Amino acid sequence: MKVTLAEAVDWYVQLKDSQADASTEQAWQVWLHADPRHAEAWQRLQQLQQRLAVASPQLAAATLQGARQGRRQALKVLGLLLGAGVVGWQGYRASPLSADYITRVGERRRVMLADGSRLELNTDTRVDIHFDSAQRLIRLQQGEILVQTGKDTRPLRVQSADGRISALGTRFAVRQLDGSTRVTVEEHAVAIQPRLAEANEVRVAAGQTIEFSAQRAGVVQTATDNASAWTQGMLVAVDWRLDRLLGELSRYRHGHLGCAPEVAAMHLSGAFQLDDDEAILASLQDALPVTVRRLTRYWVRIEKREA
């Protein structure tokens, strides 16, 4: 739901923009009716604005002004309002300001922590750091990180929504998914413990990956060689379905990016630069019998090319 709520804020920003036109509204309508969760998120956003208008016209005006200034500012204002308990909205209650390190959509960031550990944040990621005399704790609120542990006698752990990952002198990636967490180990090993089944600890070694929920651990599998290619600004696909590729690419750009059902199962391989999504879309037309349809810059659909 967090991702859907963020999309709703994106559309709120676009519709309040002075350059919004009929095509923008049409694209928003397409998004709104594409999934029942979209309508629910939009309703929550509208309820927030309406309640603010009644409870505090000044705060409502601040929210609107934030939207006009862009998504980041809008999220900042909305997050502050929700965090202050102005309304009981449970969906998007964490403010971007509450995280120690943040990346926006399409942004990546490298951070050196106080203990010498290196932390890399992928697109749309929020992380909190809690170091004390007993442990080093990295709390992944959302998104994806890669951790290279520094030399320190205190244990280093990553906490996701689904459980805990304990580093055993290692380099590993953690990605928060909807309802589960994926861990991929590049060096040494980690131990994972689902939040509601801590006794079910599983060791994951270098070259392996696992996906686990709060209730149970999944099956340890062999990791792909390119799982952390994003740290180099690359997206590497090896015999991927087109819908999988678009799903990954959509993490790095605003708006809707999808495909028609008749082309979803087309397979392709390639190495793509994440900072040039337009070049990726152009390359798809060269590699596959597809065409890129744009309703607006925020609504893109891959369709079968007409003969």
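Tutor: Here is a walk from the whole chain to the pocket, and then to its neighbours.

This is a predicted model, in which local features need pLDDT of at least 70 and side-chain atom pairs count only at pLDDT 80 or more, while totals for chains, interfaces and linings use all residues. Residues are numbered from 1 along each chain as its sequence is written, and side-chain values use heavy atoms, with hydrogens and water left out.

The chain has seven helices and 19 strands, which are DSSP runs numbered from the N terminus (helices: H or I, at least four residues; strands: E, at least two).

Now to the pocket itself. The second largest pocket holds about 700 Å³ of space. A pocket here is an open set of points, on a 1 Å grid over the protein atoms alone, where a 1.4 Å probe fits, with protein on both sides within 12 Å along at least five of seven lines; lining residues have an atom within 4 Å of a point. The volume is the space filled by probe spheres set on the points, which are joined across faces, edges and corners.

There are 33 lining residues, and Arg182, Thr224, Ala227, Trp240 and Arg244 are the closest to the centre. By class, 17 are nonpolar, eight polar and eight charged. Ala, Val, Leu, Ile, Met, Phe, Trp, Tyr, Cys and Pro count as nonpolar, Asp, Glu, Lys and Arg as charged, and the others, Gly among them, as polar.

Which elements build this lining? S9, S10, S13, S14, S15 and H6 each supply at least two residues, and S15 gives the most, with five.

Several of these strands also belong to an open antiparallel sheet, ordered S2-S3-S6-S9-S10-S13-S14. S14 (221–222) is one of its edge strands, pairing on one side only. S9 (171–176) and S10 (181–187) pair over six bridges, where pairing takes at least two DSSP bridges. Ala173 has Thr184 in S10 as its bridge partner.

Leu245 touches Trp240, among others (heavy atoms within 4.5 Å, not counting residues up to four places away in sequence).
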